[in-house]
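Dear colleague,

I am passing on the structure below, and would be glad if you could look through it alongside the notes that follow.

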Amino acid sequence: MLLLFAGGDALAQPGLAAVTVTPGTDGSQTYTVTIQILLLMTVLSMLPAALIMMTSFTRVIIVLAILRQALGTAQTPSNQILLGLALFLSLFIMSPVLEKAYQDGLKPYLDEQIGAEQALEKAAAPFRTFMLDQTRQADLLMFTRISGKSSLPSRDEVPFSLLLPSFVTSELKTAFQIGFLIFLPFLVIDLVVASVLMAMGMMMLSPMIISLPFKLMLFVLVDGWSLIMGTLAASFYL
């Protein structure tokens with residue numbers, strides 16, 4: 001009976017407020033720790049999508065996948081190796097952006113110099129600049145027209161809802177252009193080998209088996225991995 005009465009008294013007491021907003025002296029608002037943790041968990045759940053769509057990862061992984069297809073090495077390198085290469089190369093390419101976002105947004109917020117909203121705006125600014133530099137004007141105009149806006153906003157006023165699909169579309173186009181240039185020399189080797197085999201009457205022998213050593217030799221002689229990695233990294237800051 002005592003436990004029941006104690007439980008009833010506990011239920012009768014008012015619980016913790018789900019949302020508590022504390023106004024600041026400068027007009028800003030501070031939320032409870034519970035809401036901050038909820039927002040943080042929501043942001044963390046979206047990190048994989050942000051990694052793919054807001055960085056150089058998309059261009060790098062597509063080019064590496066086309067390179068593997070052009071070489072004709074099936075699953076060599078494996079998907080895990082390609083993803084690892086794309087991830088760490090993307091970290092190298094994005095390091096100036098990440099450093100600026102940390103210095104302008106995250107570090108002042110951790111030092112309690114600015115609020116969460118202001119920190120988010122300052123941290124997003126370097127990503128906005130990076131994405132705008134890699135986005136084609138034609139793609140921005142296309143999505144602006146689809147969204148129903150009469151004119152393209154200024155560079156500082158382009159919303160992320162408009163910038164993100166434009167950036168991804170531009171990255172896909174650039175990645176396939178680079179992949180096409182990579183594919184051409186290996187395609188020439190395949191055509192030459194297939195023509196020689198046809199002239200010799202060896203139609204039952206797969207040209208892929210014969211051309212693979214020649215493609216690997218060409219790729220090694222031109223120091224292909226250094227050339228591909230260097231070209232991909234330089235393509236973002238030319």
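In H8, Pro185, Phe186, Ile189, Asp190, Val193, Ala194 and Leu197 meet Pro207, Met208, Ile210, Ser211, Phe214, Lys215, Leu218 and Phe219 of H9, contact meaning heavy atoms within 4.5 Å. By class, this contact of H8 with H9 has 12 nonpolar, one polar and two charged residues (Ala, Val, Leu, Ile, Met, Phe, Trp, Tyr, Cys and Pro count as nonpolar, Asp, Glu, Lys and Arg as charged, and the others, Gly among them, as polar).

Please bear in mind that this is a predicted model, in which local features need pLDDT of at least 70 and side-chain atom pairs count only at pLDDT 80 or more, while totals for chains, interfaces and linings use all residues. Residues are numbered from 1 along each chain as its sequence is written, and side-chain values use heavy atoms, with hydrogens and water left out.

H8 also meets H4, where Ile62, Ile66 and Ala70 are among the residues in contact, and where the H8 side includes Ala175, Ile178 and Phe186. By class, the contact of H4 with H8 has 13 nonpolar, four polar and two charged residues. The crossing of H4 and H8 is right-handed, as is that of H8 and H9 (the near helix is turned clockwise from the far one by less than a right angle).

Finally, the second largest pocket is lined by 13 residues, of which Ile182, Pro185, Phe186, Leu227 and Ile228 lie nearest its centre. H8, H9 and H10 (224-234) are the elements that give two or more residues to this lining, which by class has 11 nonpolar, two polar and no charged residues. A pocket here is an open set of points on a 1 Å grid over the protein atoms alone, where a 1.4 Å probe fits, with protein on both sides within 12 Å along at least five of seven lines, and lining residues have an atom within 4 Å of a point. Helices are DSSP runs (H or I, at least four residues) numbered from the N terminus.

Best wishes
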